[in-house]
Amino acid sequence: MRRKACPTCDGWQDFRPLDDAEKTAVRAEKGDRHYVHDYWRCTAAGCLWYQRWYSRGDGGLLPEKFREEAPPTA
Ligand SMILES: [Zn+2]
């Protein structure tokens with residue numbers, strides 16, 4: 001994972017490349033031929049932001065089902 005500034009978390013977060021399910025979801029929204037292989041997503045709990053590595057302007061929010069809940073605090 002790599003650190004990047006997340007516009008919705010308003011701070012530096014760990015990003016990772018989209019997995020196959022996430023790529024499929026982006027294509028469902030942007031079109032089957034949309035290039036999805038250089039998208040990265042924020043891994044902060046509860047954050048759905050994704051974007052191209054060098055372009056915050058080409059990004060968006062993943063569908064709600066990809067939201068990763070914060071781990072339970074025991
Ligand atoms: Zn974020």
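Let's start with the sheet: five strands form an open sheet in the order 1-2-3-4-5, with antiparallel pairing. Strands here are DSSP runs of E, at least two residues, and helices are runs of H or I, at least four, both numbered from the N terminus. Two strands pair if DSSP finds at least two bridges between them. Strand 1 and strand 5 (55–61) stand at the edges with a single partner strand each, so one side of each has no neighbour in the sheet. From one strand to the next, the twist averages 40 degrees, an angle between N-to-C directions of lines fitted to C-alpha atoms, on a scale from 0 to 180 degrees.

A quick word on the source. This is a predicted model, where local features need pLDDT of at least 70 and side-chain atom pairs count only at pLDDT 80 or more, while totals for chains, interfaces and linings use all residues. Residues are numbered from 1 along each chain as its sequence is written.

How many bridges join strand 1 (residues 2–6) to strand 2 (residues 11–17)? There are five, and these strands run antiparallel; Lys4 stands opposite Gln13 in strand 2. Strand 1 and strand 2 form a hairpin with four residues between them, and Asp10 in the turn has a positive phi of about 60 degrees.

Finally, the whole chain. The C-alpha atoms fill a box of roughly 45 × 25 × 20 Å along the principal axes.
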